[in-house]
Amino acid sequence: MPSDRLMLVDSDQFRTHIERVQQVTDLTSRLNVLPFGDEEGKAALFEQILGKPLPEGTVIYPPFFTDHGFRLDLAERVFINQNCTFLDYAGIRLAEGVWVGPKATFITGGHPVDPAERQLYLTGAPIDVAENVWIGAGATVLPGVSIGRDAVIAAGAVVADDVPPASLVTGGKATIRRQW
């Protein structure tokens with residue numbers, strides 16, 4: 001995993017980051033126009049995107065989006081529905097039996113809130129999803145979140161805090177926290 005900051009200005013690390021994002025964007029663009037039944041073509045592209053074959057019983061329905069791929073760790077029997085996004089800059093782990101509904105989004109990177117620092121670096125924290133979790137359609141999981149075994153994330157929920165095992169979380173209402 002990278003450190004919690006990726007400098008955006010004059011950084012070899014950032015140039016490497018951008019090169020990988022461009023490579024993976026090209027690969028996912030090709031994946032997302034394949035005929036749905038082209039299992040061989042999809043498997044070959046997923047292997048390039050993830051750096052390894054899909055685990056046994058893991059299914060991903062395109063369209064599918066990621067920015068790195070190499071930092072997306074999928075266990076066996078994971079199901080990812082259509083139109084999901086995995087911004088895996090800081091790492092995302094989906095344990096065995098996780099189901100992800102359509103249009104779900106996982107984001108591990110961010111920017112500082114302070115406007116003077118916002119364009120200087122990226123921040124990041126990994127996402128960890130335990131076994132047998134169900135993520136509903138359109139849910140968003142934010143940096144640093146851990147979701148416990150058997151939890152359910154309701155459709156449209158925005159998950160900014162850890163989720164205990166065997167619990168249901170809902171909600172997506174934005175709230176003003178501070179102004180400047």
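User: Is R149 buried, partly exposed or exposed?
Analyst: This is a predicted model. In it, R149 is partly exposed, because its relative accessibility is 44%.

User: What does the side chain of R149 meet in a salt bridge?
Analyst: D150. The N to O distance is 3.7 Å. D150 is partly exposed too, at 34% relative accessibility.

User: Which residues are joined into one network there?
Analyst: E131, R149 and D150. Salt bridges with shared partners join them.

User: How many salt bridges are there by this rule?
Analyst: The count comes to 7. One of them pairs E96 with R77. Their closest N and O atoms are 3.1 Å apart.

User: Where do E96 and R77 sit in the chain?
Analyst: In loops. E96 lies between β7 and β8, and R77 between β4 and β5. They are 19 residues apart, so the pair links distant parts of the chain.

User: Why does E96 count as partly exposed?
Analyst: Because its relative accessibility is 34%. R77 is partly exposed as well, at 47%.

User: What does R93 pair with?
Analyst: R93 forms a salt bridge with D128. The closest N and O atoms are 2.3 Å apart. R93 is in strand β7 and D128 in strand β12, 35 residues apart. R93 has a relative accessible area of 29%, which means partly exposed. D128 is also partly exposed, at 27%.

User: New topic. What is the order of the strands in the open sheet?
Analyst: β4-β7-β12-β15, with parallel pairing. The sheet has 4 strands. β4 and β15 are the edge strands, each pairing on one side only.

User: How many bridges are there between β12 and β15?
Analyst: 2 bridges, in the parallel sense. V129 has I147 in β15 as its bridge partner.

User: Now the helix. What is the reach of α2, first C-alpha to last?
Analyst: 16 Å. α2 covers residues 39-50, 12 residues in total. That reach is close to the 16 Å expected at 1.5 Å a residue.

User: Which residues of α2 are buried?
Analyst: G41, K42, L45, F46, I49 and L50. They cover an arc of only 145 degrees around the axis, so they lie on the same side of α2.

User: What do those buried residues pack against?
Analyst: α1, β2, β3 and β4. So β4 turns up here and as an edge strand of the sheet.

User: What comes after α2?
Analyst: G51 follows. Its phi is positive, near 80 degrees.

Conventions:
Residues are numbered from 1 along each chain as its sequence is written. This is a predicted model: local features need pLDDT of at least 70, side-chain atom pairs count only at pLDDT 80 or more; totals for chains, interfaces and linings use all residues. Side-chain values use heavy atoms; hydrogens and water are left out. The expected span of a helix is 1.5 Å times one less than its number of residues. Buried means under 20% relative accessible area, exposed over 50%, partly exposed in between (1.4 Å probe, protein chains only). The arc is that of the directions from the helix axis to the C-beta atoms. Contact means heavy atoms within 4.5 Å. Two strands pair if DSSP finds at least two bridges between them. A salt bridge is a side-chain nitrogen of Lys or Arg within 4 Å of a carboxyl oxygen of Asp or Glu.
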